[in-house]
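Hi,

Here's the structure I said I'd pass on to you.

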Amino acid sequence: MIKNKDVANGKGVRVTLFVSGCRNHCKGCFQPETWDFEYGQPFTQETEEEILSMLSPGYIDGLTLLGGDPFEPENQRVLLPFIKKVKEHFPEKNIWAFTGYLYETLLGGEAHPCSEETEEMLALMDVLVDGPFVEEQRNLALRFRGSENQRLIDLNATRKTGEIQLIPDRKRDTIYD
């Protein structure tokens, strides 16, 4: 599913791509139908062109990837070439991704869900919302995430310092913040 002019899944006005396939199966997931790798429509050249067109207006701040889970290896193989195109066409726009996996796990390089694409995919992203949704820690007042354990990681600052840099947390003021 593609959502144009989304203000809920990242800062500013965004284009959001919901991918299919997730092995985390978080209790209370808001979209359990996306766990199935066969759910939804195929990701085609036409889909890519549609999203690139949606990203072109100046008021669109960037692209958000969620799902399902963009960091399932099957999804990484398809998403990496697309993310490269997005960065090539729109270097000024930012890319956010939501994953049920921890950043440290994605950096691990050997265990699931790491693949040949993981490191490069992370290098092209600006913000990572990591960690599984934990129903017992659900908090609707949090910005851009659903449970207390999930983190908003500023990947650009993290790459500069070599240590995880979190985006300061604050309560949601309006849907536009």
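Below is what turned up, one topic at a time.

Before you dig in: this is a predicted model, so local features need pLDDT of at least 70, and side-chain atom pairs count only at pLDDT 80 or more, while totals for chains, interfaces and linings use all residues. Residues are numbered from 1 along each chain as its sequence is written, and side-chain values use heavy atoms, with hydrogens and water left out.

Let's start with the nonpolar cores. A nonpolar core is a set of buried Ala, Val, Leu, Ile, Met, Phe, Trp, Tyr and Cys residues joined through side-chain atoms within 4.5 Å. "Buried" means under 20% relative accessible area, "exposed" over 50%, and "partly exposed" in between (1.4 Å probe, protein chains only). The largest core has 28 residues, and L55, L63, L65, F71, M125 and L128 have the most contacts inside it. Several elements give it two or more residues, including β2, α1, β3 and β4.

Not counting residues up to four places away in sequence, F71 touches Q76, A97, T99, Y101, L106, P113, T118, M121, L122, M125 and L128. A contact here means heavy atoms within 4.5 Å.

Next, aromatic pairs: a search of the whole structure finds two. Rings of Phe, Tyr and Trp (its six-membered ring) pair if their centres lie within 6.5 Å; planes under 30 degrees apart are stacked, over 60 edge-to-face, and the rest tilted. F43 and F82 are edge-to-face, 5.3 Å centre to centre with 75° between the planes. F43 sits in the loop between β2 and α1, F82 is in helix α2, and the two are 39 residues apart. F82 counts as buried because its relative accessibility is 0%, while F43, at 27%, is partly exposed. W96 and F144 are also edge-to-face, at 5.1 Å and 75°. W96 is in strand β4 and F144 in the loop between β5 and β6, so this pair ties together parts that are 48 residues apart in sequence. Both W96 and F144 are buried.

That β5–β6 loop also holds N139, which is buried at 16% relative accessible area. The side chains of N139 and E148 are joined by a polar contact of 2.3 Å. (A polar contact is a pair of N or O atoms within 3.5 Å; within protein, one must be able to donate a hydrogen and the other to accept it, and residues adjacent in sequence count only if both atoms are side-chain atoms.)

S56 is in the loop between α1 and β3 and is partly exposed at 44%. A polar atom of the S56 side chain lies 2.7 Å from the backbone oxygen of S53. Leaving out residues up to four places away in sequence, S56 touches F90 and K93.

How many disulfides does the structure hold? For C29, the nearest cysteine sulfur, that of C26, is 6.3 Å away.

Enjoy exploring!

Methods:
Helix = DSSP H or I, 4+ residues; strand = E, 2+ residues; numbered from the N terminus. Disulfide = S-S within 2.5 Å.
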